[in-house]
Amino acid sequence: MLAVTLAAIVPVEDSLESAVQARLDSLTKPPGSLGRLESLSRELASISGQVVPAVSPPGVIVFAADHGVAEEGVSAFPQEVTAQMVANFAAGGAAINVFARQIGARLEVVDVGVKGDVEGEGVVIDKVRPGTANFAREDAMSQAEAERAIEVGIRAAGRSHDAGCRCLIVGEMGIANTTASSALLAALSGRPVSRLVGQGTGIDISRLAHKAGVIEGALAARQPDPAQPLELLAKLGGLEIAAMAGAYLGAAARRMPILVDGFIATVAVLVACRLQPALRGYLIFGHRSCEPGHDVALELLDAEPLLDMQLRLGEGTGAALAFPLLEAACRMLSEMATFDSAGVAAGAAEA
């Protein structure tokens, strides 16, 4: 499944750019006056292959999994919170539930590796294994398990597409997953770990040095090769991070625009782009997280997010908050009057 999906992703073409630009210039406004919204509309047209693209309804997928490295005391919350939050998602009480309802999104929660048993309406059980191993002491998983987790994400993206979703938002839940993401980013970027780690779920500043030390020790012990994405995921990753990477790939194979969330989501994108560089053209970045490593990840992808709301929750929340901008970019193309249809002289919009 992975090989077929990678082969199905073609580079985004700019063949529609002149037609979209002509449409933009015909609308009742001065040329370029809607700024970044106009460039966003061009991106969406190129991704979808439609001069007048559509992004509604959006799909939101939240992948959940546990991390063995939580044993090292790198999180402010116990591991049991992962399963408890999955139950909260199922009950509709989490932030991403609220924001998904606000934007009319289809929401699916996928258990790809929660340590305990979870259940609830809307929860898909596609568990690869009950949490990763503690990568401070051994590889987080096997490469075969990493590939299986990626394929969980590919399947989930396929379900969203088949349900009629026109845009994909991917979120996560997993205690200690900022530790795994920071480790992956350190390996991919070569930057000092101390520059990348943040408070995650809210650990005390005094404990950041311990978190960084755990990651540095793991990097030294595991010796991951950043040129080998599956090896990297197997040694340092998380099941939900691998599944997120798979969902991005699955969406791109179906020409769905992808609205990327915060730090963990962007690290998953980095890994996915190492598997298939053509993925980059399908990505729109929703927001800039408070996590210090997010700036580094965005820099590596040459990405400029739409929002900066000082968020660090995850779950896909920042991307969901940014979604109305994508909807506005599409509506601008489809609903604004042209100079001809409105009977407005082109020069009048300049006044």
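## Helix H3

Helix H3 covers residues 36–48 of this predicted model. Its 13 residues reach 18 Å from first C-alpha to last, close to the 18 Å expected at 1.5 Å a residue. The expected span is 1.5 Å times one less than the number of residues. Helices (H or I, at least four residues) and strands (E, at least two) are DSSP runs, numbered from the N terminus.

The buried residues of H3 are Leu37, Glu38, Leu40, Ser41, Leu44, Ala45, Ser46, Ile47 and Ser48. Buried means under 20% relative accessible area, exposed over 50%, and partly exposed in between, with a 1.4 Å probe and protein chains only. These residues pack against helix H2 (17–26), strand S6 and helix H13 (317–335). Contact means heavy atoms within 4.5 Å. Just after H3, Gly49 takes a positive phi of about 80°.

## Basis of the model

Residues are numbered from 1 along each chain as its sequence is written, and side-chain values use heavy atoms, with hydrogens and water left out. The model is predicted: local features need pLDDT of at least 70, side-chain atom pairs count only at pLDDT 80 or more, and totals for chains, interfaces and linings use all residues.

## Helix H13

H13 has 19 residues, which should span 27 Å at 1.5 Å a residue; its end C-alpha atoms are 28 Å apart, which agrees. A kink of about 30° lies at Phe323, shortly before Pro324. The bend at a residue is the angle between axes fitted to the seven residues ending there and the seven starting there.

## The six-stranded sheet

The sheet is open, with the order S3-S2-S1-S4-S5-S6 and parallel pairing. Its edge strands are S3 (123–125) and S6 (283–285), each pairing on one side only. Neighbouring strands are turned by 30° against each other on average, direction ignored. Axes are lines fitted to C-alpha atoms, for helices over the stretch in contact, and angles run from 0 to 180 degrees between N-to-C directions. Two strands pair if DSSP finds at least two bridges between them.

Strand S4 (residues 167–173) has seven of seven residues buried, so it is largely enclosed by the rest of the structure. Cys167, Ile169, Gly171 and Met173 point one way, and Leu168, Val170 and Glu172 the other. Seven bridges join S4 to the parallel strand S1 (residues 58–65). Here Val60 stands opposite Ile169. S4 also pairs with S5 in the parallel sense, over two bridges. Ile169 stands opposite Leu259 in S5. S5 (residues 258–260) in turn pairs with S6 over three bridges, again parallel. Val260 stands opposite Phe285 there.

## The S7–S8 pair

Strands S7 (residues 287–289) and S8 (residues 307–311) run parallel and are joined by two bridges. Ser289 stands opposite Leu311. The chain crosses from S7 through helix H12 (residues 292–300) to S8 in a right-handed β-α-β crossover. Right-handed means that, with the strands pointing away from the viewer, the path from the first strand over the helix to the second runs clockwise.

Ala180 is in helix H7 (residues 177–189). It counts as buried, at 0% relative accessibility. Beyond four places in sequence, Ala180 touches His67, Phe135, Leu236, Gly237 and Ile241. Ala180 and Phe135 are 45 residues apart in sequence, with 8.6 Å between their C-alpha atoms.

Ser160 is in helix H6 (residues 143–162). Ser160 also counts as buried, at 0% relative accessibility. Beyond four places in sequence, it touches Ile61, Arg106, Cys165 and Leu168.
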